[in-house]
Amino acid sequence: MRGFLASSIGVTCAVALALPLTPPATAAPVAPAAGRATGTAGPDLPGSTQSLPLTPLATGPTADRTLGPAADQGVTRREVARFSMVGVVWDDPDTALHGEVQVRSRSTGTGTWSDWRDVETHNDDAADPDSAERATGRVRGATAPLWVGDSDAVEARVSAEPADRTEPADHTEETARTEETARAVRPRAPLPEGLRLELVDPGDAPPDPASRAAGTPGAAESAEATEAAVANADLAPAGATEIPALGRTATERELVTLRGTELTDDQRAKPHIGDRPRIVTRRGWGADEKLRERKFVYTTTVKAAFVHHTATGNGYTCAQSASVIRGIYRYHVKSLRWRDIGYNFLIDKCGGIYEGRAGGVGKAVLGAHTLGFNSNSTGIAVLGSFGSAKPPAAAVTALARLTAWKLGLYGANPRGKTYLKSGGGNLYRKGKNVRLNVISGHRDGFATDCPGGQLYSRLGTTRTTAARYQGR
């Protein structure tokens, strides 16, 4: 989710695109496995993170001249422990990476190397500036994570942008060639300090829900897992891998049970809420609850929903959705050092809806998804990159169904407007009351291209459909 630079020069929320083919794998040696695996979850919920420091890339007659000057950094081609997701982190979360991040990986299934792929260099999902989560002093800056599939070798390069990025007034083909020639000698903007390549293994998929004893936590159930399950006790039995869909009558009855003391007489007489959709719980997608912080943090209400895309690319199957989410979760917690996954909900390309940050899907859980506007809102991320790719119809429908139910719990009209107070960001100063759509895109609260132009263009339809689901 790439943000816009402070100089107001926009940068794109790019899809992970393949670049021109590189020499075959035999053209360069592969270094032995290296790196540090951290946070192994154990035999029931395996997974790990390898953290590799970036180093200056070699220059000289044999170097790849497209890499630029020696200020560029990277990881040379090497074998590593298996991973499926990759990102780059650095020390200061308030420092932007102005440049280009590219990776390529070797598939464990075929043994072939991918083309160079772009990594989204700005990860604009974040806790608010003055929140306890951000104030720990441990939070890192980071790119968005990129899903690359099961891999066992990697190569990465980070190229800084030229410090002077002013375009010629007459940008002809000749001036373009001149610019390319000057690129190698032009001064470069500094890269952030402490750059590291994070290789995330989300672990194997959790057991098939049908093979589990419904509602019966295992003997080795951790206190954290029990607490996460209990947070949804009003909606599903402890240990459930999913919260089942409900019809209209049951949903309206549940609304009174959950929020009865807060409902007006009109809301009781004619509740506007969409049918509760099926939601896969954290247990269902295999969250290792020991990774996150124990405490749940809540806000007062839910006045708006911010829609995101994860910018992790679209090269996953629906059977891999849980793995992608486990990868994002581990990246947010172990690599970025957040308290939990940032999003409140996630939706896959087949329309599956997943519980995100722990604390209860029906509750006003404080997320870390829209810097400056996390309070009194919920964050929903669609797995994938939708700058140029159209979001699948199933995902858009699921987005409307989820917002119709979640916003309906708090009396919010999906077609309406609301006011949120900014906690500080790059669009609105701290303390400013901002009028926003009840269903907004990430870019409405922060200068970014997220959720991608193609998904953002569907939000009008989403608002109308969600309102219809609420009976408006």
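In this predicted model, the protein is built from nine helices and 18 strands. Of its 472 residues, 54% count as buried. The accessible surface amounts to about 20,000 Å², and carbon and sulfur atoms contribute 52% of that area. Contacts reach well along the sequence: of those between residues at least 6 apart, 77% join residues at least 24 apart.

Two packed helices are described by the angle between their axes and the distance between the axes. For helix α3 (residues 248-259) and helix α7 (residues 393-409), the axes come within 10 Å and cross at roughly 35°. On the α3 side, the residues involved are T251, E254, L255, L258 and R259, which meet W405, G408 and L409 of α7. Sorted by class, this contact comprises four nonpolar, two polar and two charged residues.

Turning to the cysteines, a search of the whole structure finds one disulfide. It is formed by C318 and C350, whose sulfur atoms lie 1.8 Å apart. The torsion about the S-S bond of C318 and C350 is about 90°, so the disulfide is right-handed. The bond links distant parts of the chain, 32 residues apart: C318 sits in the loop between β12 (304-309) and α6 (321-335), while C350 sits in the loop between β13 (345-347) and β14 (353-355). Both partners are partly exposed, C318 with a relative accessibility of 26% and C350 with a relative accessible area of 48%. C450, in turn, has 0% relative accessibility and therefore counts as buried, the cut-off for that class being under 20%.

Terms used
Residues are numbered from 1 along each chain as its sequence is written. This is a predicted model: local features need pLDDT of at least 70, side-chain atom pairs count only at pLDDT 80 or more; totals for chains, interfaces and linings use all residues. Side-chain values use heavy atoms; hydrogens and water are left out. Helices (H or I, at least four residues) and strands (E, at least two) are DSSP runs, numbered from the N terminus. Buried means under 20% relative accessible area, exposed over 50%, partly exposed in between (1.4 Å probe, protein chains only). Contact means heavy atoms within 4.5 Å. Accessible areas come from the Shrake-Rupley method with a 1.4 Å probe; for residues, only the protein chains shown count as cover. Axes are lines fitted to C-alpha atoms, for helices over the stretch in contact, and angles run from 0 to 180 degrees between N-to-C directions. Ala, Val, Leu, Ile, Met, Phe, Trp, Tyr, Cys and Pro count as nonpolar, Asp, Glu, Lys and Arg as charged, and the others, Gly among them, as polar. A disulfide is a pair of cysteine sulfur atoms within 2.5 Å.
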